[in-house]
Protein chains: 2
Amino acid sequence: MAQMTKEQKTRLECSDEYAYVYDRNPDDELLQSANVIIGLPKPGRLKNCENLEYLQLTSSGADAYVKPGVLKPGTILLSSTGAYSQSVAESAFAMTLCLIKKLHLYRDDQNRHVWSDRGKVTSLRGATVLIVGLGAIGLVYAGLVKAMGARVIGVKRRPSECPECVDELYLVENLESLLPRADVVCSILPGTEATYHFYNKEKFSLMKNSAVFINVGRGTSQDEEALRDALLNGEIAAAGVDVFEKEPLSEGSPLWDIENLLITPHATGGDHMDVTLDLIAQIAADNFNAYVSGKPLRNVVDFETGYVK
Amino acid sequence: MAQMTKEQKTRLECSDEYAYVYDRNPDDELLQSANVIIGLPKPGRLKNCENLEYLQLTSSGADAYVKPGVLKPGTILLSSTGAYSQSVAESAFAMTLCLIKKLHLYRDDQNRHVWSDRGKVTSLRGATVLIVGLGAIGLVYAGLVKAMGARVIGVKRRPSECPECVDELYLVENLESLLPRADVVCSILPGTEATYHFYNKEKFSLMKNSAVFINVGRGTSQDEEALRDALLNGEIAAAGVDVFEKEPLSEGSPLWDIENLLITPHATGGDHMDVTLDLIAQIAADNFNAYVSGKPLRNVVDFETGYVK
């Protein structure tokens, strides 16, 4: 991650039992000697980390680290899910508004020096927004669309109480009956085996012709051919997609030229907002403080599912 | 305006003393016989409307109708300000988010098949948003940015109580001390003599280099050369402009090609959102009901200022 501030380091360094080494490009020797790693090391470099007690990822997704052989059995894997919520949710929200207000089309017109009215636009006021994968990002997004007057439906894998900013909460098994109701479908699914090509021809065909699809989860969750067909055949009205099966998206991909698709280059999260870095540093500090005092850790990843437990 | 629904007509037709004629293209005879006109007739066609008691415009702006000679003295002029608030405010909000999240630049990259990270983006969370012209539109916009965590400063011509969604309220005389504080300046000034080229070189130079300027009021309020210079010289970061001094903007205007300027073709209001038409019909019905029963009218335009009193 980016250079930590003095204040962030002070919050982290809570125990004299450990030495704290800050190195953005550690060599193998340093990496393999570590008891705790905070960062995003290449998965292939962790094989011989015999001392490693836990790895605190600075990313939200953990899929590359749960594969067998990456970490020695028993190593605790922690993600930074939550830190990216504000950034990703705000960008997903901006994409949603951009599409329903046709700003992407007006931008194209501008580039052609064309003053042309694109007709009706819709509103989130009174719209039904379906959030698939109601985790930390989904909750922030839910709050934003709710504040604009949307009805919010959340979908999760596991039952839980319905949060205040969500009107209806269902399990993912119910999705097929919910898709036909949604004016906006915002997906924040992680990249796991279970979510591979989750958005296929059938799912898109269940959406309204006027629906806007947003994907800020992982690219493997959408079948790109099915997405392209749905957009070109008018099965959905528009899509805003930040994630793709292969990134960077190849220059020759047919997706680039789809007018009613807005593409961003996996740029909604990362360190794009200053607040994110501070939230990551806070999670790392909280977890290290908890670890040395034997308290429960945040964002422990389940190796079976790839999700935070 | 667009065809009124049966329900909208029923709400309007409250008196048997009047005959109700619905005609989207009235001839001179019909127009000149009317006691009340609801619509947006060409100003030049109103000269001989000797019977006209009041003109209920279906537009928000009234500048073309307050000029001497357009309406006979004593004719009441009513605007539909308020009806467009939701539509204009939502589009201004979408433009704001599009610009701070750099979606206009990502759209350009998409059109070039370029996968390129544009770096940091900002947030409305903790940002200071200055709304110049805090009328009906400004209040809706204030509520939207406030819900995202912004600090809202409103500027008005006349003193009033500070609305709940506004943190600080000032008179327009104080603007020069407020501009340097704003991360976003959203202007909703009408097109009057007093606002002509209000945003000039000096005003732009007072804004932060990181500021985003939004104009959804009237195009005459901005000096387009000063706006262009401010954008090209980095005096402000970006602008989203829906209104221009001459509309349509000419094909050869140098504004089209400014990368950090997002242009929309006076398309934030109008009948772009279905809810607007119903709000206009409601204002027209409320005013006619009030008129026939001698009650106070809404949205009475002051011929001196061009504003609603």
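Modeller: The discussion below takes these topics in turn. This is a predicted model, in which local features need pLDDT of at least 70 and side-chain atom pairs count only at pLDDT 80 or more, while totals for chains, interfaces and linings use all residues. Residues are numbered from 1 along each chain as its sequence is written, chains are lettered from A, and ligands are numbered from 1, in the order in which they are written.

Colleague: At what angle do α3(A) and α5(A) pack?

Modeller: Helices are DSSP runs (H or I, at least four residues) and strands likewise (E, at least two), numbered from the N terminus. Axes are lines fitted to C-alpha atoms, for helices over the stretch in contact, and angles run from 0 to 180 degrees between N-to-C directions. Here α3 (residues 85-100) and α5 (residues 136-147) of chain A pack at about 45°, with axes 8 Å apart. Angles under 35 degrees count as roughly parallel, over 145 as roughly antiparallel, 65 to 115 as roughly perpendicular and the rest as oblique; α3(A) and α5(A) are therefore oblique to each other.

Colleague: Which residues of α3(A) and α5(A) meet?

Modeller: Contact requires C-beta atoms, placed from the backbone, within 7 Å. The α3(A) side includes Ala89(A), Ala92(A) and Phe93(A), and the α5(A) side includes Val140(A), Tyr141(A) and Leu144(A).

Colleague: Which residues touch the most other members of the largest nonpolar core?

Modeller: In soluble globular proteins, nonpolar side chains tend to be buried together. A nonpolar core is a set of buried Ala, Val, Leu, Ile, Met, Phe, Trp, Tyr and Cys residues joined through C-beta atoms within 7 Å; buried means 20 or more other C-beta atoms within 10 Å, exposed 12 or fewer, and partly exposed in between. Of the 180 residues in the largest core, Val129(A), Tyr141(A), Val185(A), Val129(B) and Tyr141(B) touch the most other members. Tyr141(A) touches, among others, Ile131(A) and Cys186(A), leaving aside residues up to four places away in sequence.

Colleague: Which peptide bonds are cis, and where is phi positive?

Modeller: Most residues other than glycine have a negative phi, and most peptide bonds are trans. The bond from Glu247(A) to Pro248(A) is cis, with omega near -5°, and Pro248(A) lies in the loop between β9 (238-241) and β10 (261-263) of chain A. The bond from Glu247(B) to Pro248(B) is also cis, with omega near -5°. Asn299(A) has a positive phi of about 65° and is buried, with 21 other C-beta atoms within 10 Å. His113(B) has phi near 60° and counts as partly exposed, with 15 C-beta neighbours inside 10 Å.

Note on methods: Contact = placed C-beta atoms within 7 Å.
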